[in-house]
Amino acid sequence: MAQLDVQSKLAILADAAKYDASCASSGSVKRSSRDSKGVGSTDGGMGICHAYAPDGRCISLLKILLTNSCIFDCHYCINRKSSNVRRARFTAQEVVHLTLSFYKRNYIEGLFLSSGIIGSSNYTMEQMVEVARSLREDHDFRGYIHLKTIPDADPALVEQAGLYADRLSINVELPTVSGLKRLAPEKSAVRIEDAMKETKTSIIDATDARKKFKSAPRFAPAGQSTQMIVGADAATDGDIVLRASTLYDSFDLRRVYYSAFSPIPDASTVLPLQRPPLMREHRLYQSDWLMRFYGYTSKEVVAAADETTGMLPLDIDPKLAWALKHREIFPVDVNRAPRERLLRVPGLGVKAVTSILAARRWRRLHLADVARLTVSITKLRPFLIAEDWRPVALSDKAELRPVVAPKVKQLELFA
Amino acid sequence: MHRVKLAEPDDFNGWREAARGLAVGGVAPADVTWQVGEAAVDLFGEDLPVPQSDAPAFSVSRAFVDLARKAVLHSDPERFALLYTLLVRLRDRPGAVDDKADPLVRKLEGFAREVRKDIHKMRAFLRFREIEEDGQGRYVAWFEPEHHILRYNAGFFLDRFASMHWSILTPDLSIHWDGETLAEGPGAAKGDAPAGDPIEEVWKTYYASIFNPARVKIGAMLKEMPKKYWKNMPETALVPGLIASAQARESGMIARARDEVGGNSAIAWDALRDEASACTRCPLHANATQTVFGEGPVDAPLMFVGEQPGDQEDLAGRPFVGPAGQLFDRALAAAGVDRTRTYVTNAVKHFKFEQRGKRRIHSKPGAGEIDACRWWVEQERLLIKPQVTVALGATAARSLLGRVVTIGKERGRAIALADGGTCWITVHPSYLLRLPDPAAAEVEFGRFVEDLRVAGAGVAGFEN
């Protein structure tokens, strides 16, 4: 094979990396290079999205594979052994150089490095750790690094990776074990979970150590995350929500990403070759939000799904679906209800609820006051009691749904 | 009239000093004008001095100071006066800044929000270009902020790029960092910034490659990266082309995969059946004996979809082996269709029944069960890719077409399916078994055979 230049390699190895949904650069510690050593900073809280692609996804990190050669043959993966995709491999120094030259032009927050498995799991992991080491030690890089770890790699290597990286992740790939067996026969759900458990332990240990010794090294300060593919196996939304909730609880994950399975070039016939279920993916993210920020339990989110099919409605969001099934708790009085109750009102976000709680110490809220704090009062009205408002006919679902459900739009040509 | 001259449009300290004195002196908001720099003439008569007052100073909450710091950076000329109005109100009601529903507070919070957004977008969308200067690189950016945020944002770029030499040029102001001091200069023009940087081509390659053409969401992109920012971002030049070619690239991927049926269809079908054997997508799995998956060659050009397995199918684990299946076989033979070259399956793959004593009585699957099981039928169709699919009965028709179907109305005509191939609708063979009148049953059997014959004839190369 002819030698490829860096730009050609980048085209191949970025293309190969795009099926990973995560691009977060948030939640790490605060760092800066104000001392004029090295380069880079992290905010500690919010990440920065430096561009958006026409797929609506944020571009925050340089997201690439070290190589797209792989000894595994996972059907859903464009890089599987049996695929005819063009192969390439970066050297560690090429990745380091690319990262720095993009970073210095303010294109990115840092690097998200993943890799196909070449040689052995340990060999591959060593190469990835070397990239992170060189960035941190040779170039004093203080931007964000996310490394994808390899389940079978030696825990000592993962330990090292965690010292350089802000975030580590391992993908569970599919929401069901039977799906994993069918689509990724060489991967093992047990090994993946073991690896996540080890990372969790390392993070806890490092946090404990820092409580005792300020100089103790940090380990993956932005935590760990995972991803599952939606629509390639038989899992229902209910299955996925419960699985995600178990993952959050068992492994202290910062995020679970959902990736609608999309057709890949040179696909395996095992797979559904359909347009990716983007609305379904969106509803799953919304349900994830309900669990993380709105105090819903996973069982409550599942209750928003259809009892028979286990699927969340596509035409309305899960919060509204839950509310329509739980009429008895509405209407909620904006002037009296506690925070948890207000958070259940469809159309009231976390910020609006905080504003309502602050404002009502000063005045009895009328509908017009609530309107100033929210986007659409029309959809909220049936669920609220305000000083000058009490909804009258909140009796049966058939009447309410057309009022609060979004109008059906003609689909965008490229939607 | 009191006139306050502020040094710069983002002069928070100047505003604070003046506002504090005026508020303590009891000056009403309507009696103050605020201006930045020197205004030519004063249209409103002479300037009054700030009244001396013995009134004690008052303190304001941190929340107000934070709000004011941001709102002062806004481009709206009213910002200083509005903030002063709120400050005067705080003298009597110190917590009024928390009254989020108040129109004035809301307006100023809106200012602060827009400023924060502008600050964030500048950090995100500013692009440096490298030039050679005194033997080392200098990174220069041109940016057009909406509000007066450049000075405020300098700290961010210092935190990040203190080891580099850089300049940020905007229409009103420019700042320069030489590794030691931060210098200010006058506003600049776009042409003062470098026109390009060779690395931008590499960056564009990345931008184009990380985009997934199978999931175009233009609205989501525009919401976060509105077009007003595009002109100073090199990668956005690629967007129209990426969108234009996306659909062709996606359908190309699907079409190619359809044409080149891989050698692993049979393996894929085995894997699918194995996965289906553990299906719990709907509650029917609880009482049924087993999943009854489809059966037949994976390259069958003709596919039949029935309703659901019956008592005998449930026990045997194979479709169409009970009385209705036997009648179906007879009809196929009469229609001259070779059963060994067809794929038969059911819309619902578990037996739904009511227990009556020792007997299990067939019970019609509901819409939810059909919808839950449709995933499997779709997977089967994706693998088999039949030219013609025949729906036997209303349940099958609902599964294939995704809507309620009246058989009498739609029987006997070809219906195009969204994923390619055609569909014919006829009755389920068990319907024929239930007809009490033998003569009527005879007539209906004839119609059924005719439907099967027509469907079979629609398959290319499917000669008797």
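Which residues in α12(B) meet which residues in α13(B)? I started my notes there. The model is a predicted one, and I kept that in mind throughout.

**Entry 1: α12 and α13 of chain B**

I found B:I370, B:R374 and B:V377 on the α12(B) side, meeting B:T395, B:R398 and B:S399 of α13(B). Sorted by class, this contact of α12(B) with α13(B) holds two nonpolar, two polar and two charged residues. I then looked up the geometry. Helix α12 of chain B covers residues 367–384 and helix α13 of chain B covers residues 394–401; they pack at an angle of about 70°, and their axes are 9 Å apart. Angles of 65 to 115 degrees count as roughly perpendicular, so I wrote down α12(B) and α13(B) as roughly perpendicular to each other. I noted the crossing of α12(B) and α13(B) as right-handed.

**Entry 2: α3 and α4 of chain B**

From α3(B), the contact is made by B:R79, B:L82, B:L83, B:T85 and B:L86; from α4(B), by B:L104, B:V105, B:K107, B:L108 and B:F111. By class I have seven nonpolar, one polar and two charged residues for the contact of α3(B) with α4(B).

**Entry 3: the sheet in chain B**

I next traced an open sheet of five strands, in the order β3-β4-β5-β6-β7 of chain B, with mixed pairing. Its edge strands are β3 (128–133) and β7 (182–186) of chain B, each of which pairs on one side only. Neighbouring strands of this sheet are turned by 20° against each other on average, with direction ignored.

I went through some of the strand pairs. β3(B) and strand β4 (residues 136–142) of chain B run antiparallel and are joined by six bridges. In this pair B:E130 stands opposite B:Y139 in β4(B). Strand β5 (residues 165–169) and strand β6 (residues 173–177) of chain B pair in the antiparallel sense over four bridges, and they form a hairpin with three residues between them. Here I found B:W166 opposite B:W177 in β6(B).

What stands opposite B:W177 in β7(B)? I found B:L182 there. β6(B) and β7(B) run antiparallel with five bridges. They too form a hairpin, with four residues between them, and B:G179 in the turn has a positive phi of about 100°.

**Entry 4: chain B against chain A**

How many residues does each chain give to the contact? I noted 73 residues from chain B and 68 residues from chain A. The elements giving two or more residues to the chain B side include α4 (103–125), α8 (239–259) and α12 of chain B. By class, the side of chain B that touches chain A has 41 nonpolar, 12 polar and 20 charged residues.

**Entry 5: domains**

For chain B, the domain assignment gives domain 1 (2–120), domain 2 (126–192), domain 3 (199–259) and domain 4 (265–457). The C-alpha centres of domain 2 and domain 3 of chain B lie 29 Å apart. Chain A is divided into domain 1 (6–173 + 185–221) and domain 2 (326–404). I have 43 Å between the centres of domain 1 and domain 2 of chain A, taken over C-alpha atoms.

Note on methods. Residues are numbered from 1 along each chain as its sequence is written. Chains are lettered from A and ligands numbered from 1 in the order in which they are written. This is a predicted model: local features need pLDDT of at least 70, side-chain atom pairs count only at pLDDT 80 or more; totals for chains, interfaces and linings use all residues. Axes are lines fitted to C-alpha atoms, for helices over the stretch in contact, and angles run from 0 to 180 degrees between N-to-C directions. Angles under 35 degrees count as roughly parallel, over 145 as roughly antiparallel, 65 to 115 as roughly perpendicular and the rest as oblique. A crossing is left-handed if the near helix is turned anticlockwise from the far one by less than a right angle, and right-handed if clockwise. Two residues are in contact if their C-beta atoms, placed from the backbone, lie within 7 Å. Ala, Val, Leu, Ile, Met, Phe, Trp, Tyr, Cys and Pro count as nonpolar, Asp, Glu, Lys and Arg as charged, and the others, Gly among them, as polar. Two strands pair if DSSP finds at least two bridges between them. Domain bounds come from an automatic or database domain assignment.
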